Amino acid sequence: MTTYFDAFDIGPVPAPGPGAVAPEPFRGIYGMPAFMTLPTANLAESVDFWERGLGFINLFTIPDRLTHLRRWAFQDALLIPGEIPARPPAISLSFACMRDQSEQIARNCERVRPGSVSGPRHTPWNSVELEIITPENARIIMTAAKELDPAGPEARSLGEMGIAVPGA
């Protein structure tokens with residue numbers, strides 16, 4: 001693969017940069033290509049954390065059975081009553097966010113559930129990430145892409161792999 005394909009137009013996540021604007025929560029119904037189901041011992045507490053902490057909306061609820069939460073399109077989580085693991089799982093699920101949202105998400109999560117946030121950390125794959133442990137003991141990563149500097153080390157690494165980066 002030697003060509004850089006700019007595919008930001010096929011998903012809800014805007015290309016990073018100074019003019020990038022976060023999309024609104026998506027309230028439409030679609031066939032979900034991926035979603036997660038999380039058991040929780042306290043459905044109301046979990047819904048509150050996901051809404052006030054992570055910025056998800058309650059798309060719909062079946063009382064005492066299920067709450068379908070969503071942020072942007074294709075960022076779906078289903079909360080169901082059930083037993084939660086004692087420790088966070090080794091696997092994590094990442095949700096895209098904007099860089100200017102990261103600090104607010106961290107503050108909101110800490111306000112709702114103190115000690116739930118680690119980070120931010122800068123990654124070698126050109127993002128800034130927060131790790132959040134939810135009331136269900138799920139490991140959620142809120143990841144914000146950084147604008148790619150065509151002269152920066154990430155662009156050079158891509159070039160060394162044979163991937164052309166515009167402006168590099």
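## A short tour of the predicted model

Strand β3 (residues 66–70) runs antiparallel to strand β4 (residues 76–81), and four bridges hold the pairing. Please keep in mind that this is a predicted model. The two strands belong to an open sheet of four, with the order β1-β4-β3-β2 and mixed pairing.

**The four-stranded sheet**

- The edges of the sheet are β1 (36–40) and β2 (57–62), each of which pairs on one side only.
- On average, and with direction ignored, neighbouring strands here are turned by 20° against each other.
- As background, strands of a sheet pair through backbone hydrogen bonds, and they do so either parallel or antiparallel.

- The side chain of T67 makes a polar contact of 3.3 Å with the side chain of T61.
- Setting aside neighbours within four places in sequence, T67 is in contact with L43, V47, N58, F60, T61, A77, L78 and L79.

**Aromatic side chains and a charge over a ring**

- How many aromatic pairs does the structure hold? There are five.
- One of them joins Y30 and F74: the ring centres are 4.9 Å apart and the planes stand at 55°, so this pair is tilted.
- Y30 comes from the segment before β1 and F74 from the loop between β3 and β4, so the pair ties together parts that are 44 residues apart in sequence.
- F74 has a relative accessibility of 43% and therefore counts as partly exposed.
- Y30 and F74 also form one aromatic cluster together with F26.
- Another pair is W50 with F56, where the centres lie 5.0 Å apart and the planes meet at 80°, so the arrangement is edge-to-face.
- Both W50 and F56 are buried.
- Over the face of W72 you will find R71, at 4.7 Å from the ring centre.

**N137, in the loop between β7 and β8**

- Where is N137 found? Look in the loop that links β7 (127–133) to β8 (139–145).
- Although N137 is a loop residue, its relative accessibility is 15%, so it counts as buried.
- Which backbone oxygens does the N137 side chain approach? A polar atom of that side chain lies 3.1 Å from the backbone oxygen of P85, and the side chain reaches the backbone oxygen of A86 at 2.9 Å.
- Not counting residues up to four places away in sequence, N137 touches P85, A86, R87, P88 and P89.

**S118, in strand β6**

- S118 has its place in strand β6 (residues 117–122).
- S118 and L130 are twelve residues apart in sequence, and their C-alpha atoms are 5.9 Å apart in space.
- L130 is also among the contacts of S118, together with E129 and E131, once neighbours within four places in sequence are left aside.

Terms used. Residues are numbered from 1 along each chain as its sequence is written. This is a predicted model: local features need pLDDT of at least 70, side-chain atom pairs count only at pLDDT 80 or more; totals for chains, interfaces and linings use all residues. Side-chain values use heavy atoms; hydrogens and water are left out. Two strands pair if DSSP finds at least two bridges between them. Axes are lines fitted to C-alpha atoms, for helices over the stretch in contact, and angles run from 0 to 180 degrees between N-to-C directions. Buried means under 20% relative accessible area, exposed over 50%, partly exposed in between (1.4 Å probe, protein chains only). A polar contact is a pair of N or O atoms within 3.5 Å; within protein, one must be able to donate a hydrogen and the other to accept it, and residues adjacent in sequence count only if both atoms are side-chain atoms. Contact means heavy atoms within 4.5 Å. Rings of Phe, Tyr and Trp (its six-membered ring) pair if their centres lie within 6.5 Å; planes under 30 degrees apart count as stacked, over 60 as edge-to-face and the rest as tilted. A charge sits over a ring if NZ of Lys or CZ of Arg is within 6 Å of the ring centre and within 35 degrees of the ring normal.
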